[in-house]
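Please keep the sequence and the three-dimensional view at hand while reading.

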Amino acid sequence: MNKKILISLGIIAALALYIVFSGRDWSSDIPELGWKDSPDETRISSQDGSIRLYAKEGKWLINDEAYPADQGAVDNIVDKMKDLEITDLISKQGYLEKYELTPEKRKLVEMKKGGSVFRTVSFGKKGPTGRHTFIAVDDKKDVYLASGVFDGVVNKTVDELRDKTIMKITRDDVSSLSLSRMGRTFVFDKKQVDEPETGGGKETDGKAGKDQKPAKKKTDIWVCRGFEKVAIDRTKIDQILAALDPLKASGFAAPDAKVAGAPVSTVKITAGGKNIDVAIYGKDKDNRHLAKSSESPYVFTMDEWKAKKFFIDSLDGFRKRE
């Protein structure tokens with residue numbers, strides 16, 4: 001074989017190699033993690049235990065106790081997992097212990113749809129800059145670097161994930177508000193009265209006739225039972241109602257927690273013909289008030305500053321100032 005033929009074969013081989021390697025997808029070692037359908041179940045587990053979030057009848061629930069979950073917290077977890085972006089392949093040899101991805105160290109997130117797992121991600125320690133996290137996907141040994149940190153996904157407690165909304169009301173529907181404390185009760189009733197005339201033009205009810213009397217406008221006022229002659233400042237009542245719309249818990253007591261003794265304050269309202277009550281008790285070890293409501297089966301906690309909104313000792317603060 002002469003020299004020219006060898007040179008020609010060498011050129012052909014070089015071109016063939018170029019074609020093969022130029023068409024190779026060098027990023028194929030980095031998997032695509034997006035998905036089309038949203039999960040209906042998520043399990044977050046570690047050496048310390050696990051939390052199961054699952055959708056049922058249009059609501060997200062937590063664990064076997066079926067605590068209602070905070071929709072915003074669930075959406076944040078799903079969005080963070082769906083948008084997870086791998087930026088680099090770190091190792092194909094494992095070395096899971098180095099990156100805290102062993103079963104004893106990792107935080108494991110499993111996403112399910114219809115009972116089947118479609119995505120598993122192990123989260124290890126953060127990267128050197130604190131803006132990335134070492135992960136492994138679907139129980140494989142490959143170690144990747146993912147953009148971002150995931151404390152809001154893997155380090156949430158059950159208490160942090162629970163829906164803390166105890167009650168909601170439509171303020172305009174409230175017709176009665178009762179506040180009790182230290183043996184005293186103040187009951188405020190909403191009444192409609194004729195709006196005072198301002199001396200402006202007269203308004204009729206739309207009926208024809210020159211003898212038709214002007215239609216009088218109505219306005220709502222609040223009256224305290226037993227103190228009907230005291231003019232009540234409506235903004236003070238509105239402040240109480242605002243604290244109930246919605247009423248959110250600071251946290252929840254243990255499932256077997258019991259409230260003892262008489263409440264230090266009781267709030268009762270009638271809204272749309274429905275009677276609702278909230279009873280506030282003494283403080284727990286975290287200096288929060290225990291509380292119960294007819295709108296929730298759970299004993300919950302309230303920060304003192306919020307509980308004090310319902311501590312009414314006299315009517316003086318409700319008087320309308322001229």
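A salt bridge here is a side-chain nitrogen of Lys or Arg within 4 Å of a carboxyl oxygen of Asp or Glu, and a search of the whole structure by that criterion finds 15 salt bridges. The model is a predicted one, and its protein chain has six helices and 19 strands.

**The chain as a whole**

- Among the contacts in the protein chain with a separation of 6 or more, 58% are between residues 24 or more positions apart.

**Helix H5 and what covers it**

- Helix H5, which runs over residues 234-243, has Ile237, Ile240, Leu241 and Ala243 as its buried residues.
- Viewed down the axis of H5, these buried residues fall within an arc of 160°, so they line one face of the helix.
- An α-helix has 3.6 residues a turn, so residues three or four places apart point the same way.
- The cover over the buried residues of H5 includes strand S11 (174-181), strand S12 (184-194), strand S13 (218-224) and strand S14 (247-248).

**The loop between H5 and S14**

- Pro246 is found in the loop between H5 and S14, and the peptide bond leading from Asp245 to Pro246 is cis, with omega near -5°.
- The side chain of Asp245 also meets that of Arg171 in a salt bridge, at 3.1 Å from N to O.
- This pair links distant parts of the chain, since Asp245 sits in the loop between H5 and S14 while Arg171 sits in the loop between strand S10 (165-167) and S11, 74 residues apart.
- Asp245 counts as partly exposed because its relative accessibility is 23%, and Arg171 is likewise partly exposed, with a relative accessible area of 35%.

**Further salt bridges**

- Side chains of opposite charge can pair when their charged atoms come close.
- Lys218 and Asp194 meet through their side chains in a salt bridge of 2.7 Å, N to O.
- That pair also links distant parts of the chain, with Lys218 in strand S13 and Asp194 in strand S12, 24 residues apart.
- Asp194 has a relative accessible area of 37% and is therefore partly exposed.
- Asp316 and Arg321 form a salt bridge between their side chains at 3.6 Å, N to O, in which Asp316 is partly exposed at 43% relative accessibility, whereas Arg321 is exposed, with a relative accessible area of 55%.

- Ser175 lies in strand S11 and is partly exposed, with a relative accessible area of 33%.
- Apart from its neighbours within four places in sequence, Ser175 is in contact with Phe188, Asp189, Lys190, Trp222 and Thr270.
- Ser175 and Thr270 are 95 residues apart in sequence, yet their C-alpha atoms are 5.7 Å apart in space.
- Met182 is found in the loop between S11 and S12, where its phi is near 50°, a positive value in a residue other than glycine.
- With a relative accessible area of 69%, Met182 is exposed.

- Ala66 is partly exposed, with a relative accessible area of 28%.
- As background to the backbone angles mentioned above, most residues other than glycine have a negative phi, and most peptide bonds are trans.

How values were computed
Residues numbered from 1 in each chain as written. Predicted model: local features only at pLDDT ≥ 70, side-chain atom pairs only at ≥ 80, totals over all residues. Heavy atoms only, no water. Helix = DSSP H or I, 4+ residues; strand = E, 2+ residues; numbered from the N terminus. Contact = heavy atoms within 4.5 Å. Buried < 20%, exposed > 50% of the residue type's maximum accessible area, 1.4 Å probe, protein only. Arc of directions from axis to C-beta.
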